[in-house]
Amino acid sequence: MASSVSSPLPFAIKRREPEFIRPANPTPREVKKLSDIDDQEGLRFHVSVIMFYPNNPLKKEKDPVKVIKEALGKALVYYYPFAGRLIEGDNRKLMVECTGEGVLFIEADADTTLENLGDAILPMCPYLDQLLYDVPGSGGILGSPLILIQVTRLRCGGFIFSLRVNHTMCDAPGMIQFLNAICSMAQGLSRPSPLPIWQRELLNARNPPRITHMHYEYEEINTNCKGTLMAMDKNNLVHLSFFFGPKEIKALRNKLSTSLGDCTTFEVLAACVWRCRTIAFGVDPDEVVRLSCFINMRGKSGFGVPSGYYGNAFACPSSITKAGMLCTNPLEYAIRLLKKAKMEMSIEYVKSVVDLMVIKGRPSFTQPGNYFVTDLRRVGFEEIDFGWGKPVYGGGAKAIFNMSFCGQFRNREGEEVNIIPICLPPSVMERFEHELNRMTKEVKPVGNSKSML
């Protein structure tokens, strides 16, 4: 159920000097403000994704590096803010200075094959630091390249596409939109569809701003807490991925009563991992713990996010409870909490979040006792096609401290398997694995029971 590669198979990788890919045609020189959702403290970091492509015999005469590099330059004509650099204005307001300096691009060759990589293509990929080289000086938030791309050819004819992006510029759907623009150019189209829309003012604060909801995800709390959950050493963490196939999903659903009603696979998995993680930490029963899930605004009636918008367009309402309640109640207690938090997601809730950013000075997310999970299974990474076909795996590359994601891939048996990477201290990871294995053992379905909320 868990996967980790602690001793990577040795293979040589040769990287050329990083270069800047600039827009293929002249673009406007201007300064564009980010939204009040974009520039919050909690998004001021870089996020990585990776895609593995098998050999396509029909593309034998084509070089993926050359094709993608040329397509990138063309796509940047439309997405020219990505070729700029972030600056700060008054009150730490983030703006992108559209300088046309370009995005960082690395060309590489690896002396290995996709088959030899095996399960190492899945998160947490042990070769990530080689397949997405951290160019010195490139990882800052201000004044640094907003995107880093590495394309690595494989000996078998396949290739690996890795990307790192400044999260303040876009969320996962926005990243997919940009990647699809590159794909469109790579396959000979003259313009992307949909055309990108900036309009970051759509998610700016009202005048005057006003907080109308309780936002547990940004709550200021006492950090003098009792459990080891509150004191994770970022330099002493075990990185593992956990697989949830049909058998594990069935086992978890069999623990739920019919009174719970319909619930999504993501709700079941997020609640399960949150509960097992909290048990593994041995948190004081009276400590408050949170589960924060990112909810996309796009496509929801009344939210007004237009097609083509590629900025951050989500809110992150938190489920909140005492650790003792979470750990001693059945799984459906956690699921009910998650459902309740998701129901908070309204137009007014989002406006309240945006206003909170301005009133409270763009705070970070609450960190102690908070676990973040986002659902990347239907975003579209598995559909990114530069002309060589779809990737055998496409999605997030790794978990980050207290942030995980739920991805998906098709195993050798053809089953769709959910995957959640997680970072934990060594002793906590052992207890987490034990608790998760116990939770995913097949049991008989549970009958009706009284609601706990």
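This is a predicted model: local features need pLDDT of at least 70, side-chain atom pairs count only at pLDDT 80 or more; totals for chains, interfaces and linings use all residues.
Residues are numbered from 1 along each chain as its sequence is written, and side-chain values use heavy atoms, with hydrogens and water left out.

**Exercise 1.** Work out whether the residues of strand 9 are buried or exposed.

*Solution.* Start with the terms: strands are DSSP runs of E with at least two residues, numbered from the N terminus. Buried means under 20% relative accessible area, exposed over 50%, and partly exposed in between (1.4 Å probe, protein chains only).

Next, look at the two sides. In a regular strand, side chains alternate between the two faces of the sheet. From strand 9, Ile 147, Ile 149, Val 151 and Arg 153 point one way, Leu 148, Gln 150, Thr 152 and Leu 154 point the other way, and all are buried.

Finally, count: 8 of the 8 residues of strand 9 (residues 147-154) are buried, so the strand is largely enclosed by the rest of the structure.

**Exercise 2.** Find how strand 9 runs relative to strand 8 and to strand 10.

*Solution.* Two strands pair if DSSP finds at least two bridges between them.

First, take strand 8 (residues 103-110): 7 bridges join it to strand 9, and the two run parallel. Here Glu 107 has Val 151 of strand 9 as its bridge partner.

Then turn to strand 10 (residues 159-166), joined to strand 9 by 7 bridges and running antiparallel. Ile 147 has Val 165 as its bridge partner in strand 10.

Last, check the hairpin of strands 9 and 10: it has 4 residues between the strands, and Gly 157 takes a positive phi near 105°.
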